[in-house]
Number of protein chains: 2
Amino acid sequence: MQTQLEGWRARADQALTAALPDTTLAPQNLHKAMHHAVLLGGKRMRPLLVYAAAYAIASDEFDTESCDAAAAAVELVHAYSLVHDDLPCMDDDALRRGQPTVHVAFDEATAVLTGDALQTLAFETLAKAAWPATTTVETLRILATASGANGMCGGQALDMDATGQRIGLDALKRLHALKTGALIHAAVELGAVVAGATSEQREALSRYSTALGLAFQIQDDILDVEGDASTLGKTAGKDAAQDKSTFVSVLGLQASKDQLQLLLAEMEKALAPFGTNALPLRALADLAVRRRH
Amino acid sequence: MQTQLEGWRARADQALTAALPDTTLAPQNLHKAMHHAVLLGGKRMRPLLVYAAAYAIASDEFDTESCDAAAAAVELVHAYSLVHDDLPCMDDDALRRGQPTVHVAFDEATAVLTGDALQTLAFETLAKAAWPATTTVETLRILATASGANGMCGGQALDMDATGQRIGLDALKRLHALKTGALIHAAVELGAVVAGATSEQREALSRYSTALGLAFQIQDDILDVEGDASTLGKTAGKDAAQDKSTFVSVLGLQASKDQLQLLLAEMEKALAPFGTNALPLRALADLAVRRRH
């Protein structure tokens, strides 16, 4: 299993490298900053979800190569969002994936442009994929809807609006369903669509990915309390310092950990119909919940 | 002619309004900022180019409605770029289209997110258009290529790299071919593709739009010297204050004006095969060169 995930991770990195602009060509600063933002670390959770979802549908029959564009595109959207979220006017983070953030390594203006260009590159990558046109349009619809004002961007805005306020569990869930959940959901959907999933299969995978997105965020909040910068690769304790509501602050630490176990069971149930084809998706659920960074 | 352009402008505004998220729904601040960025003024040059290019191909036979999504999408990319270009870390502009810029009317973080969400909305708008899938994929390819690191974003990065330096005429042309030209070129391409242009027709329109993009920027540079904030709707004299190379600073004012006339003649020549169907494109060339803001 670990070998399979490593293989997919390497494929995703190759697809990302191929998509990024040449750093020897002008504007070099922008191109270098784009490489910095994308290629220096990262777990590649979202690309792995694309491959693993396609594998759940089609098992060994599935065409790994057909997933590359979707895997790269969803990671490019994720990378762009991190670059902008780290900006001084947003979360003001100096460290990401154990490296200086883009506005620290380069400058703020370059960081704004880098995020912008990475977002565009995500959609350009879909446009160039060797899929039937109807598949491309469907992937475009999925990725754009998940990323925009009613998805990831909207979640980040809700997060800003909520900073310094106490919000309840439902509002917190809704916030993270958009901020983190939408893109995780989209990654699984992309893999399913590329592999030709039926609507029943998409429905089951949707239950899995909705639970996964929530679990991922709860673990993030736990790590922000329990982790340290050296394993996290980013500054710990930021949420409390910024007076943000988190699952830990709303539910408490133990209840948050209990919630994670419930979500794991929910994911297991959603994946049951896929049998052993869902082993990679199960492994990713496990990783998301047990990760230390 | 003026009535026709006004009609198309109204259509574009309707399409933009329909695409933007509801300001009564959360996150309200983000949604309001998106409306502010898009709906408060603007000449709608790029949407008008979409309609006018389609009209040049298909005359009165053309389906105006089929252009709406492309018209809205290209304007959304333009609007997002303005919001980000106006940021304090970029051009630091407080006034745009006679209104406070988004980071002034709201705040910087909202301005970053607003630009991000507007870019996504551009691609989402293409995804939802009622075109054959192959047309959608082609429009996606055109818009993404024109907007990214090898298009508009790359041009903005070249502009930043060149600030405070003297650059020559060729470098200045290359910079603006990306920064302003690529999206104007894309607008015309989008109209042509939606209307089913032949490759010869696309080639001719490409010569027109390349000349138009350059003319548009030269006129911008002239207005920055000759205009004032009340007619411009933005701060005049910024280029000199920021020590940017412009066509006026490189060529001189009179030679810049002469260059505009040469470009008008070039556009006229490119449009000749379209006869009276190109009247709207001619009117837009005229507007771009004679505009006072």
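Chain A has an accessible surface of about 10900 Å², and 52% of that surface belongs to carbon and sulfur atoms. Keep in mind that you're looking at a predicted model.

What is chain A built from? Its secondary structure comes to 15 helices and two strands. The radius of gyration is 18 Å, close to the 19 Å that the globule rule gives for 293 residues, so chain A is as compact as a globular protein of that length.

Now for the inside. Of the 293 residues in chain A, 59% are buried. Then there's the question of who touches whom. Take the contacts with a separation of 6 or more: 74% of them come from residues 24 or more positions apart.

Let's zoom in on one pair of helices. Two packed helices are described by the angle between their axes and the distance between the axes. For helix H2 (residues 28-39) of chain A and helix H6 (residues 108-128) of chain A, the axes come within 9 Å and cross at roughly 70 degrees. Angles of 65 to 115 degrees count as roughly perpendicular, so H2(A) and H6(A) are roughly perpendicular to each other. On the H2(A) side, the contact is made by Asn29(A), Leu30(A), Ala33(A), Met34(A), Ala37(A) and Val38(A). H6(A) brings Thr110(A), Leu113(A), Thr114(A), Ala117(A), Leu118(A) and Leu121(A). Sort these residues by type and you get nine nonpolar, three polar and no charged.

Next, find Ala288(A) in helix H15 (residues 279-290) of chain A. Is Ala288(A) buried or exposed? Its relative accessible area is 0%, and buried means under 20%, so Ala288(A) is buried. Leaving out residues up to four places away in sequence, Ala288(A) touches Met45(A), Leu212(A), Phe216(A) and Gln219(A).

Our last stop is Thr180(A), which sits in helix H9 (residues 169-194) of chain A. Thr180(A) has 9% relative accessibility, so it counts as buried too. Again leaving out residues up to four places away in sequence, Thr180(A) touches Arg46(A), Phe216(A) and Gln217(A).

Methods: Residues are numbered from 1 along each chain as its sequence is written. Chains are lettered from A and ligands numbered from 1 in the order in which they are written. This is a predicted model: local features need pLDDT of at least 70, side-chain atom pairs count only at pLDDT 80 or more; totals for chains, interfaces and linings use all residues. Side-chain values use heavy atoms; hydrogens and water are left out. Axes are lines fitted to C-alpha atoms, for helices over the stretch in contact, and angles run from 0 to 180 degrees between N-to-C directions. Helices (H or I, at least four residues) and strands (E, at least two) are DSSP runs, numbered from the N terminus. Angles under 35 degrees count as roughly parallel, over 145 as roughly antiparallel, 65 to 115 as roughly perpendicular and the rest as oblique. Contact means heavy atoms within 4.5 Å. Ala, Val, Leu, Ile, Met, Phe, Trp, Tyr, Cys and Pro count as nonpolar, Asp, Glu, Lys and Arg as charged, and the others, Gly among them, as polar. The radius of gyration is taken over C-alpha atoms; the globule rule is 2.2 Å times the number of residues to the power 0.38. Buried means under 20% relative accessible area, exposed over 50%, partly exposed in between (1.4 Å probe, protein chains only). Accessible areas come from the Shrake-Rupley method with a 1.4 Å probe; for residues, only the protein chains shown count as cover.
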